[in-house]
Amino acid sequence: MQIKSAEFVMSNSDVAKCPKNRLPEYAFIGRSNVGKSSLINMLTGRKSLAKTSGKPGKTQLINHFLINKNWFLVDLPGYGYAKVSKSAKKTFQKFITQYFSLREQLVSAFVLVDIRHDPQPIDLEFMQWLGENNIPFSIVFTKADKLKPKAIENHIEDYKTILLETWEDMPNYFITSSSKDIGKDAVLSYIDELNGN
Ligand code: GTP
Ligand code: MG
């Protein structure tokens, strides 16, 4: 799929105020600093469409980006960032949970995990929660440029072992690097397919 246009539409913390039209959307979620905003920039080929930072906690709102005028990519705040105050964390959690529970336009989520780390309880619990709420998702392994191919393979095997303790099948997954443009075509083709093309 070719990205012909990518436009920022709105930011807000209230799912009720998200775009009202019925266009399909895809949301990126995962720990702070995992690379959600960078992935949106990589997929769209727009370097600073979504704001990124070396410091965790950059994205704080629900951000809608209209792609090719007929579907949305949604950038969300990260979870699991210890330095955010407790009340801010609660607010985030509330609107992230509301977004996933109420947003009927959401076709699929992408749960991002840093390929360098061992499976983390917070990510596994979030995937479990999505499953319990019948929200389809894929896993996106990020920062693949940071590991050698053999180490990537080993980490994916570790994930498979842990996930297969609770899931019947390994969820659909992608290996990506936003700095090296890895995985772009695979993710975009998948979205294209889900869009019915
Ligand atoms: P929050 O909005 O804070 O939750 O973070 P985020 O998940 O949106 O992460 P963001 O895209 O802002 O990236 C965080 C940091 O990781 C930045 O310094 C990026 O340059 C870096 N980064 C993101 N993707 C990659 C990647 O594929 N490879 C490498 N090496 N660094 C990456
Ligand atoms: Mg971000």
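Predicted model: local features only at pLDDT ≥ 70, side-chain atom pairs only at ≥ 80, totals over all residues.
Residues are numbered from 1 along each chain as its sequence is written, and chains are lettered from A and ligands numbered from 1 in the order in which they are written. The protein chain averages a pLDDT of 94, pLDDT being the predictor's confidence in each residue, from 0 to 100.

Let me turn to strand β2, residues 25-30; strands here are DSSP runs of E with at least two residues, helices are runs of H or I with at least four, and both are numbered from the N terminus. Six of the six residues of β2 are buried, so the strand is largely enclosed by the rest of the structure, where buried means that 20 or more other C-beta atoms, placed from the backbone, lie within 10 Å of the residue's own. On one side we find E25, A27 and I29, and on the other Y26, F28 and G30.

Two strands pair if DSSP finds at least two bridges between them, and β2 pairs in the parallel sense with β4, residues 71-75, over four bridges, with F72 as the bridge partner of E25. Six bridges join β2 to β5, residues 106-114, again in parallel, and there I29 stands opposite V111.

Finally, of the 23 residues around ligand 1, those that come nearest are G35, S38, T52, T59 and G78, a residue being near if its C-beta atom, placed from the backbone, lies within 6 Å. Helix α1, residues 36-44, gives the most to this shell, with three residues.

Definitions and conventions: Buried ≥ 20, exposed ≤ 12 C-beta atoms within 10 Å, placed from the backbone.
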